[in-house]
Amino acid sequence: MSDSRLAYLDGLRGAALILMVVNHTARWWIDGHMTWPRYSLIYVTQTLAAPTFLFLVGFCLPLGRRAGSGAPESLGALARRFVPRGVRIVLAGLLLNVLVFRDDRILSGGVLQTIGLAIIAMVPAMWLLRFPAARWALLLAAGAGYVAFVLAFPALTRFVAAHELIGLVLFFDYPPWPWLSLVLIGLVLGSTWLQTHRHSPQAGARYLAVAAAVGAVMVVAFFVYDWWAATPMRFGMRRDFILNRHWTPRGAALLWVLGMVLLMLAAAYWAMERRRWRLPWLVILGQTALFLYFFHQIIAYTIVKEWLGWRFDAWPRFWLANAVFVAVLIAVGWAWREIKSRAERGRRRALATPS
């Protein structure tokens, strides 16, 4: 299998999409009282879904670089290849605001906008990775970016209150600052893993085993800290930063987020690359995750919540509805992948045909 299309990364992306779907349906398809099980479900899926997507943006970017071509690509070549992709994703996020989130400003930020901006922002970082010391410098920059956000949080709270439009554009729903730090961490780890894997697949497997061990230590430290500090709400937003009504992890919650991302990455590799579990349905979700992220919100919010007014307040009905919804998304993802594949084959035939 080529570096640019690894099954375990598609599978992990597919798992993140399912977590995102459940997070949204738990918000939009239940009309009853906000019970603690529902609240915990929303918090846990929120802390795993979007962070995994953002981490994978960075982790997978090095896989799209041309290998074996001699000299590393120039900054201009990287920009020509990745900047248009980032711009398209930002525009898709704005279109989602128009079609689904009509009560918000069109320019309001979102996960897609942050992903698109992250791809653009990572171009100079990818260029810097040719230098041996760059990995540590970029990790330091990622940590400094988050620490700066922590220190600036009181001022940012006042800023978004005083400048509503700028706050909605720059600090709304996983804003670039501080979430680009997670993308940057993913970029460094992905670049290092790819280099290790190309040198020796066994060494690449050991690298992810170390990542799993580090992730496990972080998650254990999270639970130990909460036990020691007698945290009253372990899985709740009161412990974290809330800026512009949206969440960013703080303190021990950061250990939970980073640790679980690393554990999920290693688990996906172990299951799909080492154990050879194919899980084609999960791969389909991962390979079409960008389209399905867009599509599922139109179905879940606009059609089911707004137009049909369906609600699934009982847990058995809720989980059955989600299972059916995921099955529909798999079928739609398969069809979308086939359409794209046939269109690409037609384009190649047209280019190969002499005029």
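Reader: In this predicted model, is aspartate 226 buried or exposed, and what is its relative accessible area?

Author: The limit for a buried residue is a relative accessible area under 20%. Aspartate 226 falls under that limit and therefore counts as buried, its relative accessible area being 2%.

Reader: Which residue forms a salt bridge with aspartate 226 with the closest N and O atoms 2.8 Å apart?

Author: Side chains of opposite charge can pair when their charged atoms come close. For aspartate 226, the closest N and O atoms are 2.8 Å apart in the salt bridge with arginine 239. This pair links distant parts of the chain, 13 residues apart: aspartate 226 lies in helix H8, and the loop between H8 and E1 holds arginine 239.

Reader: Why does arginine 239 count as buried, and at what relative accessibility?

Author: Arginine 239 is found in the loop between helix H8 (201–229) and strand E1 (241–243). Beyond its neighbours within four places in sequence, its contacts include Tyr43, Phe222, Tyr225, Asp226 and Arg250. A residue is buried under 20%, and arginine 239 therefore counts as buried at a relative accessibility of 14%.

Reader: How far apart are the closest N and O atoms in the salt bridge of arginine 234 with aspartate 226?

Author: Arginine 234 is partly exposed, with a relative accessible area of 32%, whereas aspartate 226 is buried. The two residues form a salt bridge whose closest N and O atoms lie 3.5 Å apart.

Reader: Which residues do salt bridges that share partners join into one network?

Author: Arginine 239 forms a salt bridge with aspartate 226. Salt bridges with shared partners give one network of Asp226, Arg234 and Arg239.

Reader: With which residue does aspartate 10 form a salt bridge?

Author: The structure holds six salt bridges, and one of them involves aspartate 10 with its partner at 3.1 Å between the closest N and O atoms. Both residues of this pair are buried. About one helical turn separates them, because they are three residues apart in helix H1 (residues 7–28). The partner of aspartate 10 is arginine 13.

Reader: At which residue of H3 does a kink of about 30 degrees lie?

Author: Helix H3 (residues 75–99) has 25 residues, and its reach from first C-alpha to last is 36 Å, close to the 36 Å expected at 1.5 Å a residue. The kink of about 30 degrees lies shortly before proline 84, at phenylalanine 82.

Reader: Which helices are included in what covers the buried residues of H3?

Author: The buried residues of H3 include Ala77, Phe82, Gly86, Ile89 and Gly93. Among the elements that cover the buried residues of H3 are helix H4 (111–128) and helix H11 (289–308).

Reader: Which element gives the most to the nonpolar patch?

Author: A nonpolar patch on the surface, with about 730 Å² of accessible area together, is formed by Leu95, Val98, Leu99, Ile106, Leu107, Leu165, Ile166, Val169 and Leu170. H3 and helix H6 (164–170) are the elements that give two or more residues to this patch. With four residues, the element that gives the most is H6.

Reader: Which residue does a cis peptide bond join to tryptophan 177?

Author: Omega of this cis peptide bond is about 20 degrees.

Reader: What is the value of phi of tyrosine 174?

Author: Tyrosine 174 is found in the loop between H6 and H7, and it counts as buried because its relative accessibility is 8%. Tyrosine 174 is not a glycine, yet its phi is positive, near 60 degrees.

Reader: Where is the place of leucine 279?

Author: Leucine 279 is not a glycine and has a positive phi of about 45 degrees. It is partly exposed, with a relative accessible area of 29%. Its place is the loop between helix H9 (252–274) and helix H10 (280–287).

How values were computed. Residues numbered from 1 in each chain as written. Predicted model: local features only at pLDDT ≥ 70, side-chain atom pairs only at ≥ 80, totals over all residues. Heavy atoms only, no water. Expected span 1.5 Å × (residues − 1). Bend = angle between axes of the 7 residues up to and from the residue. Buried < 20%, exposed > 50% of the residue type's maximum accessible area, 1.4 Å probe, protein only. Contact = heavy atoms within 4.5 Å. Patch = residues over 30% accessible without salt bridge, like charges linked within 9 Å, V, L, I, M, F, W, Y side chains within 5 Å. Areas by Shrake-Rupley, 256 points an atom, 1.4 Å probe, with all protein chains shown as cover. Salt bridge = Lys/Arg side-chain N within 4 Å of Asp/Glu carboxyl O.
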